[in-house]
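Work through the two exercises below with the structure in view, and try each task before you read its solution.

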Amino acid sequence: MTHPQNVEIWKACPGLIRAVKRTHEHFCAKLGVQMFYCHDFDHVVRVANLAQRFAPDENTREGLLAAVAALCHNADRIIQIDEGVGPFEKVSNGKVESMVLAWVCAQRPVPFSGTETETILDAIHRHSEPNKDDDSLVLKILKDADRVVNVGADCLIRKGQYFGDDLRVVDPIHLLHDPKAKFPRPGSILKSVWFDARDFAAESGPAALRMPKAREFAKRRIDLWET
């Protein structure tokens, strides 16, 4: 069974949506947390929504696959919290795949071929990596959707949740103009968001947005951090 590519993910895969939501709720209750390093169910819904919008056109199958990958891309964050490791620690690909496949199989009949499922899994495993020439269209869409969500104004709060007490919110002396600030060590949460906006807006590079619709959609968000 297949679904039309232009059907919203919530209508195309309600079983998948319910399964992902149940897992988030289960681990939140089990671990006594509200989210997983600032990644909650609302985050995956937002990324999935944009993924379908950023596909080259509404009849592109990859848009649906990217939306599915988006709904499932919190798996590593859930496992990190469950295992008690930090947000920069690696977790088993096997555990991620087991969680994702359980979600996908909750949609009956499974609407994806074996090859499509492999493409979804590859996108989930690699969505946090820098841009690469061999990125599939599904992975490009997922990376762009995730980045656009992660450069909204709410990310001042979300980055605070992510970094905890490791970064001050604003550098009270330099604001955004500390000459010593670098991407791995931005010095403040505000500067960290600024670095993201700069890199996402670049014409090319390891974090540049590549889908034309993503670049257009993100323009107002990115401009916010240039003011």
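**Exercise 1.** Determine in which hand helix 9 passes helix 10, and describe how the two helices pack.

*Solution.* Helix 9 passes helix 10 in a right-handed crossing, where right-handed means that the near helix is turned clockwise from the far one by less than a right angle, and left-handed anticlockwise. The contact (heavy atoms within 4.5 Å) is made by residues of both helices, including Cys155, Leu156 and Phe163 of helix 9 and Ile189, Leu190 and Val193 of helix 10. The residues of this contact divide into six nonpolar, two polar and two charged.

Next come the angle and the distance: the helices pack at about 115°, with their axes 9 Å apart. Helix 9 and helix 10 are therefore roughly perpendicular to each other, a term that covers angles of 65 to 115 degrees.

The model is predicted, with local features needing pLDDT of at least 70 and side-chain atom pairs pLDDT 80 or more, while totals for chains, interfaces and linings use all residues. Residues are numbered from 1 along each chain as its sequence is written, and side-chain values use heavy atoms, with hydrogens and water left out.

**Exercise 2.** State which helix gives the largest share of the lining of the largest pocket.

*Solution.* The largest pocket has a volume of about 1400 Å³; a pocket is an open set of points on a 1 Å grid where a 1.4 Å probe fits, with protein on both sides within 12 Å along at least five of seven lines, and lining residues have an atom within 4 Å of a point. Of its 40 lining residues, Arg77, Phe88, Ser128, Glu129 and Tyr162 are the closest to the centre. The largest share, five residues, comes from helix 9.

Conventions
Points joined across faces, edges and corners; volume = space filled by probe spheres on them. Helix = DSSP H or I, 4+ residues; strand = E, 2+ residues; numbered from the N terminus. Axes fitted to C-alpha atoms, helices over the stretch in contact; angles between N-to-C directions. Parallel < 35°, antiparallel > 145°, perpendicular 65-115°, else oblique. Nonpolar A, V, L, I, M, F, W, Y, C, P; charged D, E, K, R; others polar.
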